[in-house]
Amino acid sequence: MALYHFHVTQIKRSAGQSVTAAAAYRAGERLHSEYYGTDSDYTRKSGVVHREIFLPNHASQIYADRQTLWDAVEAAERGKKAQLAYSFDIALQNEFSLEENIALARRFVSEQLVARGMIADLAVHMPDKDGGIENPHFHVLCPIRPINKDGTWGAKQRREYLFDENSNPLLDDAGHQKFNAVPTTDWGKPETLEAWRQAWAEMCNQKFVEKGLTQEIDHRSYERQGIDQIPTVHEGPAVRQMEARGITTEKGSLNRWIRKTRRMIADLKAGIRALLEALAEIRSE
């Protein structure tokens, strides 16, 4: 069954997260965090079938090494609440072969992320045997801080100073000129996320057509599609791991209730349709 799942979050220190640990988990590798002084070893993790780092042309080739890349990202961020990376979690399709799915993931990363100047750390996962996510899927980690044309780390934001109608600086209570913090990239804009979601759906649908399949996925929410269905909540790898080990979680329980409710609603609708059809037949006699 064709599935659309496209989720983007941030890895951030304010949530107690380590981008090095996140990269190690996704790649199934052992990495050391210089910032936290800790090791994250996921070399025994199964299901990682492809891992690759993509660099824009102006980025140094030293960042093709995963340890070097994420050490540099951690070092470039000094704040204790720093936002470190965008984390993509995207479902692949059971109707496609492993090679086709990997090719699609690589194409998306190249055309939609690297083409915007982003560094992208890709990992493709196949379904786990221990009850994890059923569909093949891929993860991408992208540093939020951009790379300058000279290969150095750039600023996430720039200051846009404010003036009154007479071009005089607007000052705050401390006598400092007021300013707005303006992002230096469009990566965090809702319009960009919408473009990414749509592009992925179109890539998959194009592949369905090429293979002569009738399946189709839609990047829009159920509400925007006019579909009266309760959406499940995103669980994330930590919740999936706990559920796979038999640990009941709040999100897992909610999704089980939602799926059960969906089936009940579908059964009720089917029963109502059957009843209306029976009434129509009786009236026509």
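Analyst: A cavity is a set of points, on a 1 Å grid over the protein atoms alone, where a 1.4 Å probe fits but cannot get out; lining residues have an atom within 4 Å of a point. Grid points are joined across faces, edges and corners, and the volume is the space filled by probe spheres set on the points. This is a predicted model, in which local features need pLDDT of at least 70 and side-chain atom pairs count only at pLDDT 80 or more, while totals for chains, interfaces and linings use all residues. Residues are numbered from 1 along each chain as its sequence is written, and side-chain values use heavy atoms, leaving out hydrogens and water.

User: How many cavities of 30 Å³ or more does the rule count?

Analyst: The count is 1. The largest cavity holds about 30 Å³ of space, and its lining consists of Ala23, Arg26, Ala27, Arg66, Asp121, Ala123 and Leu141. Two or more of these residues come from each of α1 and β6, with α1 giving the largest share, 3 residues. Helices (H or I, at least four residues) and strands (E, at least two) are DSSP runs, numbered from the N terminus.

User: Which residues of helix α2 are buried?

Analyst: Buried means under 20% relative accessible area, exposed over 50%, partly exposed in between (1.4 Å probe, protein chains only). In α2, residues 66-76, the buried ones are Arg66, Leu69, Trp70, Asp71, Ala72, Val73 and Glu74. Their cover includes α1 (19-27), β2 (30-33), β4 (48-54), β5 (83-91), β6 (120-125) and β7 (137-143), where contact means heavy atoms within 4.5 Å.

User: What is the sense of pairing between β2 and β3?

Analyst: Strands pair if DSSP finds at least two bridges between them. β2 pairs with β3 (residues 38-41) in the antiparallel sense, over 4 bridges, and Arg30 stands opposite Asp41. The two strands form a hairpin with 4 residues between them, and Gly37 in that turn has a positive phi of about 70°.

User: Which residue has a positive phi although it is not a glycine?

Analyst: Most residues other than glycine have a negative phi. Ser167 has a positive phi of about 65° and sits in the loop between β8 (157-161) and β9 (179-183). Ser167 counts as exposed because its relative accessibility is 55%.

User: Where is confidence lowest, and where highest?

Analyst: pLDDT is the predictor's confidence in each residue, from 0 to 100. Helix α5 (residues 222-225) has the lowest mean, 50, and β6 the highest, 97. The chain mean is 85, with 83% of residues at 70 or more.

Methods:
On a 1 Å grid over the protein atoms alone, a cavity is a set of points where a 1.4 Å probe fits but cannot get out, and a pocket is an open set with protein on both sides within 12 Å along at least five of seven lines; lining residues have an atom within 4 Å of a point.
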